[in-house]
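Look at the aromatic rings first.

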Amino acid sequence: MSGAARNIALYPWFKFFQNLLFWQAIWFLFLQSELSAAQAILFYAIYDVTTTLLEVPSGYFSDRWGRRRTLIGSACAGFLSCALFALGEGFWVFALAQFALGAHIALASGTDSSVLYESLAEEGRADEIEGAEIRAWRYSFLALAVSAVFGGLMALYGLRLPFAASAVAFGALVMIAIRFSEPERTGGVRGEAERFEALRRALFHPVLAWLLVLSVLIYGFGHLPFVFGQPFILEVLGGSGFISEAAVVSGVVTTLMMLVSVAASWLAPGARRWLGLKSLLLLAFCIQVLLVAGLAMFGNVPAVLLLLLRKVPDSLAQPFIAAQIQPILEDEMRATYISLRNLVARLIFAASLLMVSVNASAVGAMSIEEIQAILAVYAAFGVVCLAGLAMTGRSLWSGGRD
């Protein structure tokens, strides 16, 4: 088997072990048990700042020094993070763990999908990119589903156990990354001025610009249910007095959410052929807007049921966006562009949350009513953006079919 063929075979398993995040349902409870409120806020900021600061440099490192090295570094950082959480004590050890987690996310951002496309292109199978991306997303969602419910159950015996299990998964991830081969580049070695010019062309490419705006919106609206969903779960349980049960319930909700998304991914190729790319992407964003609007209107059980749809738009959009942009991007700036796109999405979403926090109550936890008012504003903004995307995208794909 050639190195490129091995990369293609290993890639879904890389995504599977990367997403075995057994701690995803209990991280907030763990913070509460180990840190003060002020430390917890600073702790979360460390991850955001690290990921943001390393996002573009990591993409440049990948383009300049190689995909394989970057993914090995990402996997090692993820293993270090989970090991420190499982075994460490004290704020500064956990801060280092959070820094390592941010480095893991940033280093993998853009490089993972670049390895897949460039390996397919090397094998003369670039036209299979959509199917390969969908398959990888299924592996990711299945890993998240499995780890969410088992992580919640592990937490009943100790809040560190999910981190230890994730460390084992990341150990496997390191082994997979080591087995990757460096894909061939078609563009040759470029000087820095040529790299910058290639990036500038990508930023002003009409299709890429439209997909950039859509990706930023999908990122933000996809994270809104994550940011504001926990209070709905606690309210269904009967308030903060049942927060110990929230880990198990959150794990079960996350598992069901991922399984629904896996089911949606099986329908995605048929929907792509039936609707066309533009219409399918707009449908995915429309579902996100409707989900946010639904959370703004309903409370308690209906809101929790709506959370099950949170990842469906990702199944319908993300693999096709990745497949659409890869052939347009040049090899020597592919990861840099994707990292820059992710950075823009993070910054704009963070800025919107900052605006929300300025107008939120300064005393106590936010009420469900206050959260619903905030989500109503987001939903209204989403409707405007959806209309704008529909109008501007009309000329990008003839007949809206491709």
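W13, F16, F17 and Y139 form a single aromatic cluster. This is a predicted model, in which local features need pLDDT of at least 70 and side-chain atom pairs count only at pLDDT 80 or more, while totals for chains, interfaces and linings use all residues. Residues are numbered from 1 along each chain as its sequence is written, and side-chain values use heavy atoms, with hydrogens and water left out.

**Ring pairs**

A pair of aromatic rings is described by the distance of the centres and the angle of the planes. Rings of Phe, Tyr and Trp (its six-membered ring) pair if their centres lie within 6.5 Å; planes under 30 degrees apart count as stacked, over 60 as edge-to-face and the rest as tilted. The structure holds 11 aromatic pairs. One of them joins W23 and F163: the centres are 6.2 Å apart and the planes lie at 5°, so this pair is stacked. W23 sits in the loop between α1 (3-18) and α2 (27-34), and F163 belongs to helix α8 (residues 161-179). The two are 140 residues apart, so the pair links distant parts of the chain. Helices here are DSSP runs (H or I, at least four residues), numbered from the N terminus.

W23 counts as buried at 14%, and F163 counts as buried at 3%.

Now take W137 and F141. Their ring centres are 5.3 Å apart and their planes are at 55°, so the pair is tilted. Both residues lie in helix α7 (residues 129-154), four residues apart, about one turn of the helix. W137 is partly exposed at 23% relative accessibility, whereas F141 is buried at 2%.

**Charges over rings**

A charge sits over a ring if NZ of Lys or CZ of Arg is within 6 Å of the ring centre and within 35 degrees of the ring normal. Two cases follow.

| Charged residue | Ring | Distance from ring centre |
|---|---|---|
| R64 | W65 | 4.9 Å |
| R138 | W266 | 3.5 Å |

**Two helices**

α1 and α8 pack at an angle of about 160°, with axes 9 Å apart. Axes are lines fitted to C-alpha atoms, for helices over the stretch in contact, and angles run from 0 to 180 degrees between N-to-C directions. The angle makes α1 roughly antiparallel to α8 (over 145 degrees). Contact means heavy atoms within 4.5 Å. Among the contacting residues are W13 and F17 of α1 and F170 of α8.

Key: Buried means under 20% relative accessible area, exposed over 50%, partly exposed in between (1.4 Å probe, protein chains only). Angles under 35 degrees count as roughly parallel, over 145 as roughly antiparallel, 65 to 115 as roughly perpendicular and the rest as oblique.
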